[in-house]
Amino acid sequence: MKIAMIGTGYVGLVSGVCFSDFGHEIVCVDKDPAKIEKLERGEVPIYEPGLDALMAKNVEAGRLKFTMDLAAAVDGADAVFIAVGTPTRRGDGHADLSYVMAAAEEIAKVAKDYVVVVTKSTVPVGTNRAVKQVIRKANSALDFDVASNPEFLREGAAIEDFMKPDRVVVGVQNDRAAEVMAAIYRPLYLRDFPIVTTDLESAEMIKYAANAFLATKITFINEIAALCERVGGDVKEVARGIGLDGRIGNKFLHAGPGYGGSCFPKDTKALARIGQEHAVPMQITETVIKVNEEIKRRMIDKLQDLCDGSFNGKTIAVLGVTFKPNTDDMRDAPSLTIIPALVGGGAKVRVVDPQGRHEGEALLPGVHWLDDAYKAAQKADLLVVLTEWNEFRALDLKKLAKKMATPRMADLRNVYAPKDARRAGFTAYESIGRAAFLKDD
């Protein structure tokens with residue numbers, strides 16, 4: 001199959017590279033000349049483990065190319081995927097579809113033969129029908145179909161998710177489009193991975209419903225964690241106990257400082273907005289959004305308590321600022337709420353993150369970036385574990401405690417055990433939903 005992939009952001013680039021590894025002929029299109037030049041030099045503009053090697057392999061094999069020439073990419077293509085951004089519009093929670101619609105119109109103007117236009121971007125219910133109208137208006141003579149093919153890629157594990165998916169969701173209106181999509185995903189059919197073929201609206205809704213449900217699980221366990229702290233429970237034991245129930249499952253039950261990233265914040269807001277527009281309020285989702293913001297603010301209170309009620313004049317070392325490990329993505333990361341509160345309160349903040357500096361320097365002004373956790377801890381008043389990178393999972397706690405002016409830790413990912421922190425010489429330790437201690441306890 002020949003496929004054009006419009007957009008070389010996270011979804012577009014990962015999808016294009018993986019499709020080329022299936023054996024398809026892929027041309028990735030982007031309007032940013034600097035990005036295309038970088039890709040042609042073999043440089044990956046995002047951080048995703050294993051993506052650079054897989055991209056190089058398929059470029060060398062001649063199955064993967066990059067261009068700014070949309071017409072050349074679309075010429076002879078069996079399918080054209082739209083994988084452009086759909087950011088939340090300021091103020092109203094709507095997904096901004098301007099890039100999607102612009103891409104659809106541009107496809108219509110250059111396409112000549114039958115083609116399936118596939119929306120890979122996360123879009124509200126009804127968008128694919130709107131895409132069809134845009135294409136028909138721009139080129140009434142074009143023979144085409146539209147399809148919805150939402151992505152379910154976890155940043156940091158995207159290649160594995162694409163190659164061995166829980167499921168692939170395809171929304172179509174007729175058998176002709178279904179056959180094209182089946183041919184594209186044939187390698188997965190042959191390995192018996194589930195392919196859910198449904199209508200356009202159901203496919204669009206599946207994406208939002210899935211992310212809203214996962215965001216709800218995270219927020220639920222974070223609320224339980226707050227209660228555990230008051231009643232003396234251990235949220236890790238609670239999560240294990242309920243996660244063994246097959247109806248619940250153990251995934252997304254890890255207490256922390258709130259969810260972030262490119263999907264959950266944007267998709268929960270969009271689903272809430274869709275519900276409002278159709279007079280079917282998504283009350284659970286709306287509450288999840290509200291509680292998640294409150295959880296981030298609760299983390300600030302924890303840190304302030306560990307700093308004797310004031311950040312002013314304190315030196316605070318923060319380990320991890322990306323919203324999760326194994327990505328450079330800072331979108332809606334808890335760090336973007338927590339660290340400005342520290343700086344604004346008068347703290348000197350040192351930050352260590354294996355991949356977060358590139359984006360973080362612009363997003364977190366007023367902090368000092370270091371490459372080593374032990375250097376960051378030197379003479380610090382508080383150590384905060386904010387993102388659970390592997391580099392921060394096996395630190396020498398005794399060494400850290402000795403370097404600090406006041407050895408206090410806020411373990412916001414529950415990486416360490418309170419007893420280990422105490423034995424290492426920390427005089428105060430706070431985590432999420434577990435026992436804390438102060439030097440006098």
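This is a predicted model: local features need pLDDT of at least 70, side-chain atom pairs count only at pLDDT 80 or more; totals for chains, interfaces and linings use all residues.
1. The residues of α13 that are buried are Thr285, Val288, Ile289, Val291, Asn292, Ile295, Lys296, Met299, Ile300, Lys302, Leu303 and Leu306. As background to such a list, residues three or four places apart point the same way, because an α-helix has 3.6 residues a turn.

2. The length of α13 agrees with expectation. The helix comprises 24 residues (residues 283-306), which at 1.5 Å a residue should span 34 Å, and its end C-alpha atoms lie 35 Å apart. After α13 comes Asp308, with a positive phi near 60 degrees.

3. On the α12 side the contact involves Thr268, Lys269, Leu271, Ala272 and Gln276, and on the α13 side Thr285, Glu286 and Ile289. By class, these residues of the α12 and α13 contact are three nonpolar, three polar and two charged. Thr285 and Ile289, which take part in this contact, are also among the buried residues of α13.

4. A second pair is formed by helix α5 (residues 98-110) and helix α6 (residues 127-138), which pack at about 35 degrees with axes 8 Å apart. The crossing of α5 and α6 is right-handed. From α5, the contact draws on Val100, Met101, Ala104, Glu105 and Ala108; from α6, it draws on Thr127, Ala130, Val131, Val134, Ile135 and Ala138. The residues of this α5 and α6 contact comprise nine nonpolar, one polar and one charged.

5. Asn326 lies in the loop between β9 (315-319) and α14. Its relative accessible area is 29%, so Asn326 is partly exposed.

6. Lys379 is likewise a residue other than glycine with a positive phi, of about 60 degrees. Its place is the loop between α16 (373-377) and β12. Is Lys379 buried or exposed? With a relative accessibility of 56%, Lys379 counts as exposed, the cut-off being over 50%.

Notes:
Residues are numbered from 1 along each chain as its sequence is written. Side-chain values use heavy atoms; hydrogens and water are left out. Helices (H or I, at least four residues) and strands (E, at least two) are DSSP runs, numbered from the N terminus. The expected span of a helix is 1.5 Å times one less than its number of residues. Buried means under 20% relative accessible area, exposed over 50%, partly exposed in between (1.4 Å probe, protein chains only). Contact means heavy atoms within 4.5 Å. Ala, Val, Leu, Ile, Met, Phe, Trp, Tyr, Cys and Pro count as nonpolar, Asp, Glu, Lys and Arg as charged, and the others, Gly among them, as polar. Axes are lines fitted to C-alpha atoms, for helices over the stretch in contact, and angles run from 0 to 180 degrees between N-to-C directions. A crossing is left-handed if the near helix is turned anticlockwise from the far one by less than a right angle, and right-handed if clockwise.
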